[in-house]
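Student: I would like to learn how to read the features of a model like this one, step by step. Could we begin with how packing is judged?

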Amino acid sequence: GGVFETIVVSGPNKVRAIPIVQTTGYRFDSEAGGKVFANKTRNRGFEEAVVAAFPNKDDAKIIVSCSDGRQRAVAALEALEQL
C-alpha cells in the first residue's frame, strides 16, 4: 500500500510508477496548515527500479511529477542525475 507520488513515463502505453517516497497516506498537520505525508520513507530501491525499467537511458524519455510539483519531483530528478 501507500501513496505513489512520483510517476516516470516513457512513450505511449509505457507508464511506470516508481515512487521515490513511500507513505501510508496523509494526515493533517496544524503547523503546516494542511495535509502532510504520514510515515514517509525514501524508496531505497528507486534508482535500481528506474534502471530496470529503462535500461537504455540514452533512449529513455522520462517525465517526473508529483502532486505538489516540487519536493518529490526535485528529489527524483536529483536521484536521476546520478544515474
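Tutor: Two residues are said to be in contact when heavy atoms of theirs lie within 4.5 Å. Keep in mind throughout that this is a predicted model.

Student: Against which elements do the buried residues of α2 pack?

Tutor: The buried residues of α2 pack against β3 (21-22), β5 (34-38), β6 (41-42), α1 (46-53) and β7 (63-65).

Student: Which residues of helix α2 are buried, and which are exposed?

Tutor: A residue counts as buried under 20% relative accessible area and as exposed over 50%. In helix α2, which spans residues 71-81, the buried residues are Arg72, Ala73, Ala76, Ala79 and Leu80. Viewed down the axis of α2, these buried residues fall within an arc of 125°, so they line one face of the helix. Gln71 and Glu81, on the other side of α2, are exposed.

Student: Which residues make up the largest nonpolar core?

Tutor: The largest nonpolar core has 12 residues, namely Ile18, Ile20, Val21, Phe46, Val50, Phe54, Val64, Cys66, Ala73, Ala76, Ala79 and Leu80. The elements giving two or more residues to this core are α1 and α2, and the largest share, four residues, comes from α2.

Student: How should I place these elements in the protein as a whole, and in what order do they run?

Tutor: The protein has two helices and seven strands, and from the N terminus on the elements run β-β-β-β-β-β-α-β-α. Of its 83 residues, 31% count as buried, while the accessible surface comes to about 5700 Å², of which 51% belongs to carbon and sulfur atoms. Among contacts between residues at least 6 apart in sequence, 46% join residues at least 24 apart.

Student: Which backbone nitrogen atoms does the side chain of Asp29 reach?

Tutor: The side chain of Asp29 reaches the backbone nitrogen of Glu31 at 2.8 Å, and the side chain of Asp29 also reaches the backbone nitrogen of Ala32, at 3.1 Å.

Student: Where is Arg16 found, and how far is Arg16 from Ala49 in space?

Tutor: Arg16 is found in strand β2, residues 15-17, and at 32% relative accessibility Arg16 counts as partly exposed. Although Arg16 and Ala49 are 33 residues apart in sequence, their C-alpha atoms are 9.7 Å apart in space.

Methods: Residues are numbered from 1 along each chain as its sequence is written. This is a predicted model: local features need pLDDT of at least 70, side-chain atom pairs count only at pLDDT 80 or more; totals for chains, interfaces and linings use all residues. Side-chain values use heavy atoms; hydrogens and water are left out. A polar contact is a pair of N or O atoms within 3.5 Å; within protein, one must be able to donate a hydrogen and the other to accept it, and residues adjacent in sequence count only if both atoms are side-chain atoms. Buried means under 20% relative accessible area, exposed over 50%, partly exposed in between (1.4 Å probe, protein chains only). Accessible areas come from the Shrake-Rupley method with a 1.4 Å probe; for residues, only the protein chains shown count as cover. The arc is that of the directions from the helix axis to the C-beta atoms. A nonpolar core is a set of buried Ala, Val, Leu, Ile, Met, Phe, Trp, Tyr and Cys residues joined through side-chain atoms within 4.5 Å.
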